[in-house]
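Please look over the model below before reading the points.

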Amino acid sequence: MADQTQNPTPGGALLVPVGESVTLRNTVAHAVATAAEDGLKEVHFVAPVAQHFIGDADRSTREAIRALLDRISTWAEEDSPEADAPTIRTAVIGTDEYLFSPDDYAAVLSAYAAEHGIERIIIDPEYSPGGNVPLLRPMEVALAKRGLDVSEAPGSRPVRRSRLVQPGGAIQFGLLFGVSFLFYHLLGGFAVVTGDTFDFYYELATSTLVAGIVAGTLYTVSLSARTRVRTMAVQAIRLAIYVPYLLYEIVKSNILITMIILHPRLPIEPRLTRVQSAVWGGPALTTLANSITLTPGTLTIRTEGQHLYVHSLFASARGGIADGDLERAVRFVFYGRRAAAISSPDERGDYTELQGPEADGDAPDGSEATETETVKTEGRSP
């Protein structure tokens, strides 16, 4: 969880209560932009959670709260300007209270604001502190009565139904065309370069035709959102930095595999592990899962949301997964350098061995062992 200082912020700060909503992403962007424009030093995203949702909650509820704040931190880092970016802080509040009425939520929010010297609050227009109970407007009134400057983030409620076909653009078409064009020549062994004159014109014509058909048919389907040229360019540069690191990990793991194969006792320790990754979205998860698979000694056999099920052959390979080295590198590619500063899956309690001597019931004391689960903390800094 992000740092929670007890001293008032000298440069001013902004408070944003958060919860799952269809407009949350826009609210995060608006809050960060407002803080940057007004010269505020910090933006506090807080999740008011009643005591009965924490003390008696199951593991999945705590994970959902933590994952929500992690997503918000990542979004905020992405939206922050390069210079004079506000510090992003997240916190879970109200865990020692029984929150029921609008005044209850206003009380814990105003107490947090007073504790941190905050006078301004931005409210997500779809924020629902009481679940389906309409508490938002009464809560805003209660906050205003306590002397806080309350405003709602702009934005309309998006359509809840997702469409297969998304709005397309020239950049999306060009990107998919280029990828299809290069993939065609990769499968053909780049005969357009190595072949004779006939091969050159034939391969060029057929690859252009095929790439055009693929891009024209799928560019509004394959790419779920409009591509931002600047974001894509920055991620491409980070990817160029990431590839040598991945090659280094592959070479290092190959050497370890070779030593194990040549060892007379063949000291392998196969295990099945599960890790909840701290990356979101198809491209980032796919990159992490494939990077793990490309590294000899580990194989991603299944994914379920953010959970990756990884088979490993030896202890050092599992150590790399538990330490989250590849995870940090992938976060750097997609979210930036600041997003790479994150605790490891083992430190977060997101790493579990599902298969092995203890998980299989071969505990040293002869007792039946169960799956090892590490209790997650209520929050952490992304």
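The points below concern a predicted model and take up a loop residue, a surface patch and the cavities in turn.

1. Arg338 lies in the loop that connects helix H12 (325-335) with helix H13 (345-348).

2. The contacts of Arg338, leaving aside residues up to four places away in sequence, are Glu77, Ser80, Pro81 and Ala85. For Glu77, the separation from Arg338 is 261 residues in sequence, while the C-alpha to C-alpha distance is 7.6 Å.

3. A nonpolar patch on the surface consists of Ile171, Leu175, Val179, Val229 and Met232, which together have about 370 Å² of accessible area. Helix H6 (170-187) and helix H9 (229-262) are the elements that contribute two or more residues to this patch. H6 makes the greatest contribution, with three residues.

4. Ile171, one of the patch residues, belongs to helix H6. With a relative accessible area of 38%, Ile171 is partly exposed. The patch cut-off is over 30%, so Ile171 at 38% passes it.

5. The model has two cavities of 30 Å³ or more. For the largest cavity, the volume is about 90 Å³.

6. Residues lining the largest cavity include Val275, Ser277, Leu288, Ile292, Leu308 and Pro345. At least two lining residues come from each of helix H10 (282-294), helix H11 (315-323) and H12. H12 supplies the most, with three residues. Asp325, Leu326 and Glu327 are also among the lining residues.

Key. Residues are numbered from 1 along each chain as its sequence is written. This is a predicted model: local features need pLDDT of at least 70, side-chain atom pairs count only at pLDDT 80 or more; totals for chains, interfaces and linings use all residues. Side-chain values use heavy atoms; hydrogens and water are left out. Helices (H or I, at least four residues) and strands (E, at least two) are DSSP runs, numbered from the N terminus. Contact means heavy atoms within 4.5 Å. Patches are made of residues with over 30% relative accessible area and no salt bridge: like charges are joined within 9 Å, nonpolar side chains (Val, Leu, Ile, Met, Phe, Trp, Tyr) within 5 Å. Accessible areas come from the Shrake-Rupley method with a 1.4 Å probe; for residues, only the protein chains shown count as cover. A salt bridge is a side-chain nitrogen of Lys or Arg within 4 Å of a carboxyl oxygen of Asp or Glu. Buried means under 20% relative accessible area, exposed over 50%, partly exposed in between (1.4 Å probe, protein chains only). On a 1 Å grid over the protein atoms alone, a cavity is a set of points where a 1.4 Å probe fits but cannot get out, and a pocket is an open set with protein on both sides within 12 Å along at least five of seven lines; lining residues have an atom within 4 Å of a point. Grid points are joined across faces, edges and corners, and a volume is the space filled by probe spheres set on the points.
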